[in-house]
Structure formats: structure tokens, C-alpha cells
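Hello,

Here is the structure we talked about handing over.

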Amino acid sequence: MSFSSLEYIIFFGIVLVVMAISNALKSKCKIETVQQIRHVFLLIMSYIFYGWADMKFCFLMLALTIVSYVTSLIVAKRDKYEKAATVLGVVTPLVILGIFKYFNFFVDSFAQLLHTSSSVTLSLVLPVGISFYTFQSLSYTIDVKRGKIEAQKDFINLALYISFFPQLVAGPIVKAEDFIPQLHEDRSVSLKNLEKGLQIFVLGLFKKIVIADRLSIFVDEVFETPSAFSALTVVLAVISYSIQIYFDFSGYSDMAIGSAKCLGFDLRRNFNFPYISKNVSEFWKRWHISLSSWLMEYLYIPLGGNRKGVARTYINLVITMLLGGLWHGASWTFVAWGLFHGIGLCVHKLYKKIRKLPKDYKGSTIPNIISTVCTYIFVCFGWIFFRAESFANAWDVFRAMFTLQGGVQHYYIWTFVAIAVVIVRFVSVTLRNKKANEALTTDSYIYLPLDKTWGLTLFSLFIMLTAALAYFSSNPFIYFRF
Amino acid sequence: MKFRQIILWMMKAFVAVVISFAIMCGFSFFYDNVPAHFDNLNNSTDYKYESNKFYSKATEGIAFGHTNNDGFNNELDLGEKDIDILLMGSSQEEAFNVKTSESTAAQLNRLFGNNYYTYSIAHSSQTLPYFVRNLESALKTYKPKSYVLFEVQSILITPEIAQNALNNTLERLSSAKGIAADLQKVPYLKVLYHQFNDYKALKATPTVAGSDNTNTATDEYTQNIDGLMQKIEELCAKYNVTPIIYYQPHLSLNNDKTVNVLNIDTPLNEISGFYNSYVSLCQKHNIIFVDMTDDFLKNYNEKQILPHGYCNTKVGVGHLNAEGHRIIAERLYATIEEKAVTR
């Protein structure tokens with residue numbers, strides 16, 4: 001079930017109504033009982049949400065949850081089975097991910113390497129969101145092992161943490177330490193939460209069905225036949241893709257955050273204006289924040305981080321980004337994208353070391369603008385690998401741009417609309433934050449006062465505009481496939 | 001929250017919705033606003049649009065204009081000039097996606113100067129069977145002196161529709177009536193209606209009409225086309241006009257800079273048997289057949305411009321753009337001029 005579908009609107013409406021009704025139970029039952037009822041209800045609805053297209057994947061998620069539950073309880077006992085339980089708790093999600101997502105890829109790659117045909121490929125459908133909930137399950141076991149959180153004795157709470165429908169299929173990847181404590185608080189539907197949550201949701205919907213889906217028409221066409229288009233058109237298609245993937249994914253994250261907010265839960269922001277980054281390191285602090293912080297905490301630091309010398313630091317960075325690339329999809333183009341960013345991070349680290357720049361170096365305006373433009377161009381080059389179906393396809397795109405080839409000129413109007421939307425949104429949030437004397441990193445949402453007529457007018461206007469401009473296509477969210 | 005507060009908030013929300021709805025109507029008036037259509041009582045077409053109404057399209061192409069006193073998209077009103085050439089076509093020739101002056105009819109008029117006047121009665125969803133069913137009424141109503149043009153973008157025809165046209169049982173393309181027609185006049189509701197239809201189309205399972213993917217025309221196909229063309233021949237002879245069918249295929253890009261020629265979605269070379277049969281039946285019934293394929297290909301090779309698609313759609317997909325209308329107008333002009341010389 002996609003957030004941008006009519007089914008989801010109906011589904012979510014039912015969830016909201018039942019959760020709101022649960023508030024009335026507080027006067028009749030103990031708060032713990034009410035919470036338990038809410039959690040069971042949310043868990044059932046999360047499984048319905050996940051099993052909407054295919055119920056059988058629910059069993060996979062349930063099996064993973066049971067393994068995480070049992071192993072973490074054993075780990076928490078700190079007895080002689082702790083190590084074995086940890087290994088089981090970590091290896092199980094990885095094996096599931098490996099079989100469903102990477103088995104055929106590696107078998108095919110080895111077969112190609114040995115110039116033979118593979119006869120052991122599995123005909124498996126990739127379960128939606130598997131990369132997300134396996135990572136959550138993994139981090140939960142690791143955090144219990146590290147003693148950062150307590151093992152959950154309540155199975156419902158753990159199952160809800162892994163399957164919570166707003167963030168289930170495409171993130172943000174939520175840490176147990178952020179989410180599980182919220183289950184012990186009285187969180188439910190309230191007017192205050194609805195006021196904010198609905199606005200965040202509609203913003204995400206606009207990003208997805210108006211901007212990202214419309215850009216996909218142009219991007220798909222140019223990436224399918226890059227050699228047929230002029231150099232400038234291909235450049236515009238690459239710029240369009242950079243905006244499409246940003247609006248598609250951040251739109252999904254907004255809808256997830258908004259849905260959770262309506263239900264009374266807080267999910268951390270996943271994007272923070274990534275294209276204003278002045279270097280690649282900063283980009284990864286602003287892009288898919290939940291994944292980059294996950295990779296940092298559960299991969300880069302365990303590999304040794306920057307504690308084992310200069311060479312190891314660079315190797316660790318490259319390994320982390322390579323695996324981060326592979327996480328996005330079982331294809332060598334994703335590996336190349338990860339490698340590209342890994343090298344970018346190493347070069348930036350080296351540059352900082354040579355220039356002896358302090359950690360909090362801010363720089364002056366003109367060099368900062370140049371750095372931002374250069375970083376954006378670097379990221380766009382990376383997106384070519386990310387979007388291309390193959391290396392040959394990526395090569396065609398690069399060749400089209402750098403040989404200044406002639407061809408069909410198509411200046412897609414929604415590209416310019418999207419650029420304008422990005423600029424307007426950035427400027428409005430910056431001005432708002434300046435006015436409120438806040439740092440840009442605090443909150444990227446502008447809330448309208450829905451208790452005032454002008455606020456309601458602007459909000460309903462935005463909803464009506466979204467309905468009028470929406471592009472109805474069969475474009476699923478880009479990150480669904482990861 | 002007290003009851004009084006709830007009532008107050010609901011009143012605020014109502015006012016907000018009314019204001020935003022009014023603003024959106026203003027926006028939709030310029031964004032996507034084709035006049036409402038209703039049954040054409042003289043049966044020359046299935047329906048016609050409201051006369052003298054402003055239209056706008058920013059969803060596919062960017063165009064503004066207004067319908068004439070007859071409810072079609074022409075530069076001149078009906079009655080201002082005698083009609084020499086009558087153009088019957090689909091939404092491709094309805095030309096709401098381009099300026100009225102860029103339509104095939106308008107460009108033909110410029111090319112002919114004062115010699116011939118072309119009048120378009122094209123509207124959405126009309127295909128050859130509908131033209132045949134409406135032809136006599138159209139010829140009676142508009143009285144073209146020399147030619148009648150039929151625009152087709154597909155040589156494949158759904159057998160049932162063809163047979164119904166031949167048996168005079170083809171149902172009229174529906175037009176909204178009563179409240180539904182009135183609601184169509186509210187610009188934002190019309191936009192929402194289009195959006196809802198797009199959403200429904202997305203959910204629907206696509207069906208393919210036409211060929212059974214064999215490259216040989218079936219007997220049924222040949223009989224149907226033969227029947228339709230015979231009717232065209234008879235009626236055109238009766239009203240002393242020359243029929244011209246012009247076929248305008250779609251082009252899609254390949255990565256090696258070549259293009260595919262498509263009959264809607266099907267590569268034309270995969271249905272060449274149907275194509276050959278269609279062309280030979282045109283010859284049999286004294287209908288001039290104009291195939292735009294070579295002209296479109298030549299234009300693409302010279303300018304890298306495809307005849308369909310706009311700056312807000314996929315290249316090569318959808319309706320004819322100004323370039324497409326120009327190429328067709330020039331080719332029709334050349335065909336008619338050539339015929340005049342040889343005559």
C-alpha cells in the first residue's frame with residue numbers, strides 16, 4: 001500500500017478514528033491497558049498494511065521479529081549463551097537480506113566472471129521494505145548487546161517497533177532507543193498532533209505526486225535513450241533526477257513522519273536540505289540521515305572508524321560507502337555509486353588534512369558558494385550511476401553531456417517548476433528560522449495555524465492545488481525497491 | 001474542546017474551503033479549461049463544444065483560445081466564408097493543445113491564401129467509423145465544395161465499432177447532461193474530474209483493441225474497412241467532394257538516434273499487412289491516402305523535432321504539436337495543389 005494511494009487514505013482514516021476513540025477509554029481503564037490495546041491495534045494494522053499486496057511476507061517479518069525477541073532476551077541475561085545469541089540475532093537478518101536481495105546478484109556475477117551460465121538462481125520476489133526492517137532488527141540486537149537499551153520483555157512492543165507502518169517500507173530507519181521509549185508514554189491522536197502531522201503529510205504528498213512523479217516522465221525518457229537527446233537536455237535530465245529522487249524520498253519520509261505524528265509518535269527527520277552541502281561529508285549528514293547515521297554507528301565505527309590510522313580510516317570509509325551503495329540495490333551500478341561517494345569522502349578528508357582545516361571551519365561566502373556548486377555537481381554525477389540501468393547506460397549519459405552531442409532538445413517545464421519549488425522552500429525555511437533565531441537544522445517544516453481562517457485557507461488551498469497538479473502514474477516510490 | 005469552539009472552527013473551515021475553491025477555480029480557468037460539450041443535434045459530429053468559449057490547456061502543451069460560434073476550434077466563425085475543405089478528425093485535430101492559428105486547418109488556410117477555406121469539425125474520440133456514420137450530415141450541414149479530410153492515427157479498427165457504423169447502430173459518444181453538464185462549467189471541478197479519470201485509468205487493466213498481432217489483415221478487417229470506405233466513396237460522389245484520408249503515426253526515439261514508427265503503440269512494421277490492405281482499399285474506393293510517415297521522419301532527421309509531445313509531456317507522445325500540425329498542413333497543401341495541377 002502506497003502512501004499516495006486512495007487505499008492508504010482510507011486505511012489511515014480508520015486507524016486515526018480508532019486511535020482517537022481509544023482516548024475515551026482512558027477514563028474507564030488503566031493507562032497501561034489503554035496503551036496495550038493501542039499497541040495491539042497498531043500492530044495488527046501494520047501487518048495489514050504490509051500484507052496488503054502479499055500476505056506471505058508478513059510471516060517473514062514475524063519470523064525475524066521472533067528471532068530478535070528471543071536472542072535479545074538471551075543476550076540481556078549476559079550468560080554463556082550471550083555470544084551465540086548475539087551472533088544469531090545479527091546473522092539472521094543478514095542471511096534473510098542476503099537470500100532475498102543479493103543471492104541471485106552474486107551468483108550471476110560469479111557466473112559472469114567465470115563465463116558460465118548460473119543454474120542456481122532463486123525465483124524470489126524481493127519483499128518490500130526488507131532492507132529497512134532488517135536493519136532495525138539488527139540494530140536492536142546490537143544495542144541490547146552494547147547495553148544501550150534494555151531487551152524488550154513485551155513482544156508486542158518489539159513487533160510494533162519493527163513493523164510500525166509509517167516507517168516500515170521505506171524508512172526512516174528508526175533506532176530502538178528513539179522509538180521504544182515512546183511506547184511507554186501516553187501517545188495518541190490529539191488535535192495538536194493532527195495539526196502538525198497532517199501538514200507534514202500533505203507536504204510529502206505534494207513532493208511525491210506533483211513534483212517527483214512529473215519529473216519522472218522526463219527523467220525516464222532521457223535515461224532510456226540518452227544518445228537521442230542533446231547535451232543540454234541530458235544535463236537537465238540529470239538535474240531533474242537529483243530533484244526527483246530528493247522529492248520522492250524526502251516526500252515519503254515526510255508522509256511517514258506526518259503519519260506517525262498524527263498517531264502521536266515522533267520520527268526523526270531524514271533530510272536537511274542536502275543540496276546546500278558544501279562538501280560530501282556534509283551531504284551525508286543531510287541526505288538520508290537515518291541510513292548514514294546507521295552506517296556510521298553499526299558499520300564504520302565497528303570497522304575501526306578513524307581510530308586505526310590514516311590508511312584504515314580511508315579504507316573503512318570506502319568499505320562503508322560500498323556496502324551502503326549495495327544496500328540500495330543488488331547491482332554493480334549501486335556499488336559504483338557507493339565507491340564514488342567513498343572516494344569523495346576520502347578526498348575531502350585528505351583535503352581537510354592537507355589544508356589543516358579545523359573541524360568547525362566555516363569559510364567565507366564566495367568559496368562556500370563554489371564549494372556548494374561543486375558538491376552538487378559531484379552528487380549529480382553520482383546520481384547518474386544510481387539511476388542508470390547499467391554501466392553502458394551511465395556511459396551514454398556521461399558521453400552525451402561531455403561530447404556536447406546534438407539531438408532532440410526537450411526543455412521540460414516541470415524541471416524549472418521543481419527548481420523554483422526547491423528555492424522557494426529553502427528560502428522560506430531559512431527566513432522562518434532566522435526570524436525565530438533558530439539554526440537551520442532544528443525543523444524544516446513550516447506549520448500553518450489551523451485554528452485561524454487564513455491558516456485553514458492556505459492549507460486547503462495547498463490540498464486543492466496538490467489534487468489539481470498531481471500526476472497519476474504507476475510510479476512507485478524509488479526507495480520501495482530498496 | 002467546547003461545542004461552541006467546534007462550531008466556530010467549522011465555520012472558519014467552511015469559509016477557508018470556499019475561498020480556496022474560488023482561488024482554484026481562477027487557477028483552473030487558465031490551467032486546464034476546455035469548454036463543456038453537448039450532443040450535436042445536426043449529427044455532423046457526435047458532440048460539439050459550447051460556442052464562443054475561452055479554452056486553456058497547460059496540462060499538455062500551453063495554449064489559449066476560444067471556440068467559434070459553431071462550437072469548434074477554428075479561426076473564423078461559421079458563415080464568414082464558404083467552406084472548400086471540411087476536416088473531420090479526432091482530438092489530434094481538435095487542436096486545443098496549440099494556438100488556434102497553429103492548427104492544421106488554420107495553417108492550410110494560410111498556405112492556400114484566398115483559394116480554399118478549410119473548416120475543422122474535429123473533436124475527441126472520433127475515429128473512421130464515427131466519421132462514416134456522421135459524414136452525410138456533415139456534408140449536408142457544411143457543404144464543402146472540394147474536399148473532405150479524414151485524420152486517422154490508427155489503421156486498426158475495433159471490429160464491433162466498424163460493424164455498428166456500417167449497420168447504423170453505432171452509439172453516440174456520450175456528453176454530460178443536466179447537472180453533470182452544469183458542473184463541467186466549474187473549472188476546478190472539471191480539473192478534478194480529469195484527475196479522477198486519470199486515477200481510474202491508472203487502476204484499470206489496459207485492454208488492447210485492434211489487431212491480434214498477426215501481420216496479415218484478417219478477412220473481417222478487410223471487410224470492415226472495405227465497407228467503411230465504400231460508404232465514404234458513395235457519399236463523397238453524391239456530394240461531389242474528393243475524400244482524403246491522412247494517416248499520422250507516432251514516432252518514438254531509439255538510443256541510436258533512429259526512431260520507431262508507431263500505430264498508436266504498435267510498431268507499424270508489425271502490422272504491415274493491415275497497412276497494405278488499408279492503402280489498397282483506399283485506392284479501390286478512390287480515396288486519396290496521405291501517409292505522413294516520410295514527412296515526419298524527414299523533419300526529425302533534419303531538425304530533431306518529433307510531431308507529437310510538448311514541453312510538459314513526454315517527447316513524441318500525446319497530441320500533435322505545432323510542428324506536427326505544420327508538417328501535415330504542408331503535405332496536405334502539396335497534395336491538393338498537385339491534384340489541382342494534374343486535374
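Predicted model: local features only at pLDDT ≥ 70, side-chain atom pairs only at ≥ 80, totals over all residues.

Domains of chain A

Chain A splits into domain 1, residues 6-188, and domain 2, residues 193-481. Their C-alpha centres are 26 Å apart. The contact between them involves 42 residues of domain 1 of chain A and 36 residues of domain 2 of chain A. Together the two domains bury about 3400 Å², and 67% of that area is on carbon and sulfur atoms. On the domain 1 side, the residues that lose the most area to domain 2 of chain A are A:Phe105, A:Phe135 and A:Pro172, which together make up 16% of what that side buries.

As for polar pairs, five salt bridges are counted between domain 1 and domain 2 of chain A, along with 13 residue pairs in polar contact, both residues being at pLDDT 80 or more. The helices of chain A that each supply at least two residues to the domain 1 side of this contact are α1 (6-24), α4 (82-113), α5 (130-146), α7 (165-168) and α8 (176-183). α5(A) gives the most, with eight residues. By class, the domain 1 side has 26 nonpolar, eight polar and eight charged residues.

Chain A against chain B

Here 41 residues from chain A meet 35 residues from chain B. The buried area is about 3100 Å², with 66% of it from carbon and sulfur atoms. In chain A, A:Val408, A:Met464 and A:Phe472 lose the most area to chain B, together 19% of what that side buries.

How many salt bridges cross the interface of chain A and chain B? The count is zero, while 15 residue pairs are in polar contact across the interface, both residues at pLDDT 80 or more. On the chain A side, α1, α9 (191-224), α17 (413-435) and α18 (453-469) each supply at least two residues. α18(A) gives the most, with ten residues. That side of chain A has 21 nonpolar, 13 polar and seven charged residues.

Salt bridges

Over all chains the count comes to 33 salt bridges. One of them pairs A:Asp266 with A:Arg187, at 3.0 Å from N to O. This pair links distant parts of the chain, 79 residues apart: A:Asp266 sits in the loop between α10 (231-262) and α11 (280-286) of chain A, and A:Arg187 in the loop between α8 and α9 of chain A. A:Asp266 is partly exposed, with a relative accessible area of 35%, whereas A:Arg187 is buried at 18%.

A:Lys208 takes part in two of the bridges described here. With A:Asp213, its closest N and O atoms are 2.8 Å apart, and both of these residues are buried. With A:Asp248, the N to O distance is 3.0 Å. Because A:Lys208 lies in helix α9 of chain A and A:Asp248 in helix α10 of chain A, this second pair ties together parts that are 40 residues apart in sequence. The relative accessible area is 0% for A:Lys208 and 2% for A:Asp248. Elsewhere, salt bridges with shared partners join A:Arg146, A:Lys148, A:Lys175, A:Glu177 and A:Glu297 into one network. Within this group, A:Glu297 and A:Lys148 form a salt bridge whose closest N and O atoms are 2.4 Å apart.

Regards

Methods. Residues numbered from 1 in each chain as written. Chains lettered and ligands numbered in written order. Heavy atoms only, no water. Domains from an automatic or database assignment. Contact = heavy atoms within 4.5 Å. Buried area = accessible area lost by both parts, 1.4 Å probe. Salt bridge = Lys/Arg side-chain N within 4 Å of Asp/Glu carboxyl O. Polar contact = N/O pair within 3.5 Å; in protein donor to acceptor, adjacent residues only side chain to side chain. Helix = DSSP H or I, 4+ residues; strand = E, 2+ residues; numbered from the N terminus. Nonpolar A, V, L, I, M, F, W, Y, C, P; charged D, E, K, R; others polar. Buried < 20%, exposed > 50% of the residue type's maximum accessible area, 1.4 Å probe, protein only.
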